[in-house]
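Please open the structure in your viewer and keep the selection tool at hand. The tour goes from stop to stop, saying what to select next and what is there.

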Amino acid sequence: MEILQKTAKTTINKEKLYSLLTDAEAHQKPITPILNKALQLKGLTLQETAELLAIQDEEAIKLLLETAGTVKREIYGRRIVLFAPLYIGNVCSNDCLYCAFRAPNTELIRKRLTLQEIEAETRALLREGHKRLLMLAGEEAESRVDALIKAIETVYSIKEPAPVSGRPQSIRRINVEVAPMSVEDFRKLKSAKIGTYACFQETYDPELYAVYHKSGPKADYEWRLSVMDRAMEAGIEDVGIGALFGLTDYRFEVLALLEHARHLEERFGCGCHTISIPRIEPALGAPASEHVPKPVSDKDFKKLVAVLRLALPYTGIILSTRETEALRNELFNYGVSQISAGSRTNPGAYAQEEHEKKIIHNSKQNVDVPDQAQHNGQQNNVVNHDQHSAEQFQLGDHRSLKEVVMALAQQGYVPSFCTGCYRKGRVGSDFMDLAKPGLIQEFCEPNAFFTCSEYIEDFLTGDERMELENRYNHLIASYSGKINAIIEDGIRRIKAGERDVYV
C-alpha cells in the first residue's frame, strides 16, 4: 500500500495546477486554435484546459459550448444512458460536512437494508423499467464487502414480469459506488461481476479536504486518492472518478480530475471510464450544504461540463438528479452522456413510494389495502416519515423514469439501458481501442435502439407507445447501410418476443 500511496502523491500537484490557472487568467489567448484541436477528438493538455477555463467573454463561452456539442454528438451520437441509484444503507462512520449521512447527524433516520428489503427495492425498480443500477452505501469502520457482494448477488438473481408484456425483467448491470477498499477486497468485488467501480475524491485540495472531512476513514486523503490504483490493480477494468463541486475553485477540480485520469492511463494503459460532476445540494444536518463554500453558478457549471468533454472526449460524463430538469436538458447538449432517472437517495425509498401510490390508488377506488401490502411497506422502516429524513441530499429533478424517457425522445435523444459492452468484454482498454477510432458507434447506436425498443414493448401503451415508435422510426430511417440493417433486424427480433438483444 505504501508504494500505491507514493504513486498517488505524485498525481495531483496543487501548486502546479493553481499556477496554470493564474497564468491562463493573466494572459488570455485566442481559444480558436484550442477548439480546433479539440475537434480532432484527441483531448487537450492541462495548459489548454486551463485556458478554456479562464474565458469569461460571452461569445467565447458560446463557441466553447457549441464545440463541446459537436464533439459530444460525434462520439456519443443521440444516445443518453440511464440508470438509477440503489442505496442499501446510510449508516456511516465519517464526518463529512456536506453530507446528511455524516456520523454526528442525529436528525437522520439510519437504515441498513436487509436482503429482503433489497429485493423489494429491486422489484420496484424493475417495474419502472430500469436495467442498470448504481449501488451505494455509507462507509462503516469495518469492511462490509461480503455483505455488499450478497446484496449484488441478490439483485442479479431477481426476475420480475414487465407490467405490459409480462416478460421477465432483470437488472443487467450493477455499478458500485462505495468507500475505498484494499486490493484484496476489490478482488472479491470484481468476482461479483460488477460494472464500473466509482469513488469521488470530493476535493483534490489536501488542505481543504481535511477541513471538510473531520473524522472517520474518509479523513485519510491519501487512502482515498489511491483508491483507483488499488481497484485497477485488483483487475477492475472500468473506474469512475469525480469531484463535489462547491468545496473549492471549480477550475482547480477540473484540472485535478484531468491529472487523475491521466495518471491512471499512464500507469494502467486506460484512464477512467466515467467522470461524475455533482454540485453540493441541501442536505439534512450538513453545514457545508447550508453555506456552500465556493458555489458554482449554472453558467460556470455549463462551462466545466463543456471543458471536460473536450479535454477527455471518450470519457463518460455522469449527471445526477441533483440538478433541475431544465438544466439537465441543456447539459445533454454540451457533454453529458449518462444520467440517473427516477432517483431516490434514501434506503428503501422505491418500495416505500410504490406502496404509498398503491394506497392512494386503492383509496380512490374505495378498495381496502391488503394486510400483506401494509406489512411490506412497514418493513422499509421509513413509512410515515418526511421523505428528506433518511436521504443523502435533496433532488432537483423529481420526474419518473417514464417521464425522463418521454422527454429525451422529444429532444431527439435515444434513451439507452445498454449493457452490451460488459457482456461482450468491451471494457477498459479494449473499449477505448474501439472508441478512439470511432468504431464503438457501430455497437452503441444499435444497442441504444434495442434497449429503447424493449422498453417500448414492455412498459408503454397507447399514445406514449405510438409517440416513441413514430419518433424512432424516423431516426432509424436516417441511418444508412450496415447500421440501419442491424438496427432493423434487432428491433424485429424484439417485437417477435426476443429480449436482451445486443451487438
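Select Val81 and then Ser416, its bridge partner in strand E11; helices (H or I, at least four residues) and strands (E, at least two) are DSSP runs, numbered from the N terminus. What you have open is a predicted model, in which local features need pLDDT of at least 70 and side-chain atom pairs count only at pLDDT 80 or more, while totals for chains, interfaces and linings use all residues. Residues are numbered from 1 along each chain as its sequence is written, and side-chain values use heavy atoms, with hydrogens and water left out.

Next, select Tyr87, whose bridge partner in E2 is Leu136, and then the whole of E2 (residues 132-136), which pairs with E1 in the parallel sense over four bridges.

Is E1 mostly covered or mostly open? Select residues 79-87 and you will find that nine of the nine residues of E1 are buried, where buried means under 20% relative accessible area, exposed over 50%, and partly exposed in between (1.4 Å probe, protein chains only). In a regular strand the side chains alternate between the two faces of the sheet. In E1 both faces are covered, with Arg79, Val81, Phe83, Pro85 and Tyr87 buried on one side and Ile80, Leu82, Ala84 and Leu86 buried on the other.

Now move to helix H18, residues 401-410, which is mostly covered, with seven of its 10 residues buried. The buried ones are Leu401, Val404, Val405, Met406, Ala407, Leu408 and Ala409. After H18 comes Gly412, whose phi is positive, near 90°.

Two loop residues are the next stop. Leu41, in the loop between helix H3 (32-38) and helix H4 (46-54), has a phi near 65°, a positive value in a residue other than glycine. Lys193, in the loop between helix H8 (183-191) and strand E6 (197-198), also has a positive phi near 65°. Which of the two words, buried or exposed, applies to Leu41? Leu41 counts as buried, at 16% relative accessibility, whereas Lys193 is exposed, with a relative accessible area of 64%.

For the last pair, select helix H22 (residues 462-477) and helix H23 (residues 481-495), whose axes come within 10 Å and cross at roughly 150°. Axes are lines fitted to C-alpha atoms, for helices over the stretch in contact, and angles run from 0 to 180 degrees between N-to-C directions. H22 and H23 are therefore roughly antiparallel to each other, a term for angles over 145 degrees. The contact, meaning heavy atoms within 4.5 Å, is made by Glu469, Ile476 and Ala477 of H22 and by Asn484, Ile487, Glu488, Ile491 and Lys495 of H23.

Finally, show the whole protein chain, where there are 23 helices and 11 strands, and where 59% of the 503 residues count as buried.

Technical notes
Pairing = 2+ DSSP bridges. Parallel < 35°, antiparallel > 145°, perpendicular 65-115°, else oblique.
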